[in-house]
Amino acid sequence: MGIDFGLLKIREVIVHEVPKVFKRDPNPAPLRLSEVSSPLTPEVLKNLQVKFRGDLAHSGREIVEDSPRSSKVPDIVRDYLDGDESDFVSVSQDLAEALRSSQDGANSGGLLLIASASISGSRALLIVKLANENGMRATFDSVDGKDTFQVTYLNDLLFAGKAQVYKAGLFLQSQDDEQLLEGFVSDKQTPGSRIAGFFLHDYLGCRPKEQPEELTLRFFESSGKWIDSFTTSSEKQTRYTVALLSELQSNRGSISMRGFANSHLDEEDRDAYVHLMSESGVPKTPFEKDLYLVESKLAKIQYTFDSGTVVIVPPSAFTEGIVHVADDDDGLSRIEVIDHLKELKSRGSGGRRSSKLRDQESSDGSGSE
């Protein structure tokens, strides 16, 4: 689903407080539900739009209504997007009640921000779970006729500083009544590109539109196809292939197509790579890495020449400087291996020991008859 998040417009906002529920608490703290929308100054509205446009564009992952599910949220959202906008306040209250129902004692409390929005003229609904933050404010003032800074502690800040803790789900109106509810989710609290299961599954009643192992396989295969296009440069093919395998075998838990391009590709190649990957259905936003479908493909790099010669090389041989690939001026490619010869085998004779191994056997007597 191609969406330009820069076109996201927020029209109306309402905030409810959903306190933490403790297990076996017979009297949990009640919800604090707003009865009217929050008045917004133009500055606040602008900053909210900028914030969520950026977050969704950078880390928004496509989601779809799950089945089976226990959450009421997809039905609430669908009814609102297909119905009367005058129900916004009551719909937002229903979403707050659904969040309370999803809590199991392990989930933190906080605020639930619901925004009526639109993208390119289509109706949208933004659902944001955020934590109360705190901080201090210094205001230059006068006390007893003398200038000073008054310091005030604030415990009800929203989106304060860099340590912003919130999760956002954006749902779009469907043009097909039979189509499952679709949208995007961004999690600023969970490391990498992972989405907290409580928010995605238990509360929103959704799942990723595509599973991580499928996206990882598509990234691997599409990148490999693009790298294979450099038929006139074995050196570049090798360098990019080693980078691709290193990216997949790294300890990072997520994959960023744009991040890979910026880190490993020559500047003149990046736009073409991003374009091909986008056409192949690889998300522009980071996604969770799962090697289940590609693990068996990451062990070796194989070179096949016109003569039928095949050279198979482990990626570590390039990073350790053991194998070098270069292109000659006459269009031929050259592979150079600088290492100790461990074994030499011939398919016809069944194998022949290397001279190093023979010399070793002669010195210790293991080769005598």
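What follows is my set of entries on these topics.

**Ground rules.** I am working from a predicted model, where local features need pLDDT of at least 70, side-chain atom pairs count only at pLDDT 80 or more, and totals for chains, interfaces and linings use all residues. Residues are numbered from 1 along each chain as its sequence is written, and side-chain values use heavy atoms, with hydrogens and water left out.

**Helix α1.** I took helices (H or I, at least four residues) and strands (E, at least two) as DSSP runs, numbered from the N terminus. I found Leu48, Gln49, Phe52, Asp55 and Leu56 of α1 buried; buried is under 20% relative accessible area, exposed over 50% and partly exposed in between (1.4 Å probe, protein chains only). Down the axis of α1, the buried residues fall within an arc of 145 degrees (taken from the directions from the helix axis to the C-beta atoms), so they line one face of the helix. On the other side of α1 I noted Pro42, Glu43, Lys46 and His58 as exposed. The buried residues of α1 pack against β1, β4, β7 and β8, with contact meaning heavy atoms within 4.5 Å.

**Phe219.** Which residues does Phe219 contact, leaving aside its neighbours within four places in sequence? I listed Leu244, Leu248, Ile255, Met257, Phe260, Tyr273, Met277, Val282 and Phe287.

**Pro314.** I located Pro314 in the loop between β13 (310-313) and α9 (316-319). Pro314 counts as partly exposed because its relative accessibility is 30%. Its C-alpha atom is separated by 6.1 Å from that of Ile301, 13 residues apart along the chain.
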